[in-house]
Every structure is written in structure tokens, then in C-alpha cells.
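Welcome! Have a look at the structure below, and then let us walk through a few of its features together.

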Amino acid sequence: VARNLAEGISTVNLMSAGEHVTVIPVDMGMKEEVFHEKIHNKCVRRGTHNIARGPAMAREECIEALLHGIDMVRDVKEQGFDVIASGEMGIGNTTTTSALASVLLGMPAAAVTGTGAGLSQEGLKHKIEVVERAVRVNAPDRTSPVDMLSKLGGFDIAGMTGLFLGGAYYRIPVIVDGVISLVAANLAKMMCKDAADYMICSHGSREPACAGLFEMLGKEPVIQAG
């Protein structure tokens, strides 16, 4: 999928081309490197650790990923872009998102964990158990966004959190799109409350964590399409 993004043949590329939107693929830490001139290599490490067994990343790695996200805003603004839409292509990253949402909202895993890309009920039950275990094993500090991110997040979520911080710093609006970037947006607001002034929420997702995360962010999505 990463290669397809770089070559301009994935679904998001085709949709974006119709609206004159440029897709910029960024490798924040895929497990295997994909070599392509259009992929921006911001890799912190080749894959995060298993959150059900311990922290996803070191605190220093988390900060590095945040800074990469901020720097990407600087780079695209220098290229003349005037609005950014956040997005990610990840594997298993609604699980890391649910773990973060559980801590952010102070809610049980079952209340914030959805089927993601289409899990069966059995798969959903296992996913909830993994989220519960991850939160229990890591005991993240709910008052520290960096602690939460480094223990339960992924490089993708950390990079997007930086993207929202960069939006405020470089004064360029960033669109929040979906539950994964919604978690990142809330973490960015915790780090800098003014960052929310540069966020535009695109749509309300059916993922169960979304309602609480919109409320926490203090924003309403532009589209509710069911």
C-alpha cells in the first residue's frame, strides 16, 4: 500500500487527484522499508514494540516522531500548501488508538474499541482484551501526553500529533479525519491548547470512541453521514 501511495495509484490518490490535492506519503517507522523517491523517510525505528507486553517506544523516540510531524508542516508550508489533511496507513493502529482513547477518556476498553477495518465479534473480543492488557501493563500517566503516546501509541499517531502542533506553530489549518487522527488531535491539544484553533474536524466516524473524543476536543465534525 505504501508503494501504491508513492506511485499515485491507491484509492486516496485517485480521489485526491480529482480535487487537486497532493498526497505526501511519510514513513514514520514501517516495519519494512519501502524504497521510493516520493516517500519521505522520517523513520524513527522499524516498527514499535508490542504494547500488550510493554511500552511501544522510548520517550526519546516519541519526541523524535513528534518533531518529524512538526517539521513536515514547515516543509509543506514552504512549498506553498495552505491546508493539510491528516491521514495514516497503518496495520493494527485502531488498537493503539483504542488504548489511548481508553486512557484519555477514562473509559473501559469495551466502551471505546470498535471493529476497525471489519473484525468479527470474536476478533473484537480479542482486541478489547489486548487493549485492557496494554493499559494494565503500561500504567500510563493520564496527565502526560508523551507518556501515553510512548507507552500505547505508534509512530503514526505521534507523527500526526506533531502535525497538529505544527499547524498551530506555522499557522496552517489541519483537517482531523477519523478516530486515529482524532486521538492525535486530543494529545496535541493537551500539549498546546491553542493547537485546537487550527483543527477542522471532517466527519463523525462510527468508531465508539469518537463521540467522547469530539467532546474532549471541544469540536463538532462538519459531516455526519452515518
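Which helix gives the most to the lining of the second largest pocket? We will come to that just after a word on the model.

## About the model

This is a predicted model, in which local features need pLDDT of at least 70, side-chain atom pairs count only at pLDDT 80 or more, and totals for chains, interfaces and linings use all residues. Residues are numbered from 1 along each chain as its sequence is written, and side-chain values use heavy atoms, with hydrogens and water left out.

## The second largest pocket

The helix that gives the most to this lining is α2, with 3 residues. Both α1 (2–7) and α2 (11–18) supply at least two lining residues each; helices here are DSSP runs (H or I, at least four residues), as are strands (E, at least two), numbered from the N terminus.

The second largest pocket has a volume of about 190 Å³. A pocket is found on a 1 Å grid over the protein atoms alone, as an open set of points where a 1.4 Å probe fits, with protein on both sides within 12 Å along at least five of seven lines; lining residues have an atom within 4 Å of a point. The volume is the space filled by probe spheres set on the points, which are joined across faces, edges and corners. Of its 13 lining residues, N13, T22, V23, I24 and K38 are the closest to the centre.

## A covered helix

Now turn to helix α7 (residues 145–152), where 8 of 8 residues are buried (under 20% relative accessible area, with exposed meaning over 50% and partly exposed in between, for a 1.4 Å probe and protein chains only). Among these buried residues are P145, M148 and L152. They pack against α3, α4 (93–105), α6 (121–138), α8 (155–169) and α9 (179–191).

A52 sits in the loop between β2 (40–41) and α3 (59–78), and counts as buried at 9% relative accessibility. Its C-alpha lies 4.1 Å from that of A134, although the two are 82 residues apart in sequence. Beyond neighbours within four places in sequence, A52 is in contact (heavy atoms within 4.5 Å) with V130, R133, A134 and V137.

## An aromatic pair

The whole structure holds 1 aromatic pair. The ring centres of Y169 and Y170 are 4.9 Å apart and their planes are at 80°, so the pair is edge-to-face. Rings of Phe, Tyr and Trp (its six-membered ring) pair if their centres lie within 6.5 Å; planes under 30 degrees apart count as stacked, over 60 as edge-to-face and the rest as tilted. Y169 is exposed, with a relative accessible area of 64%.
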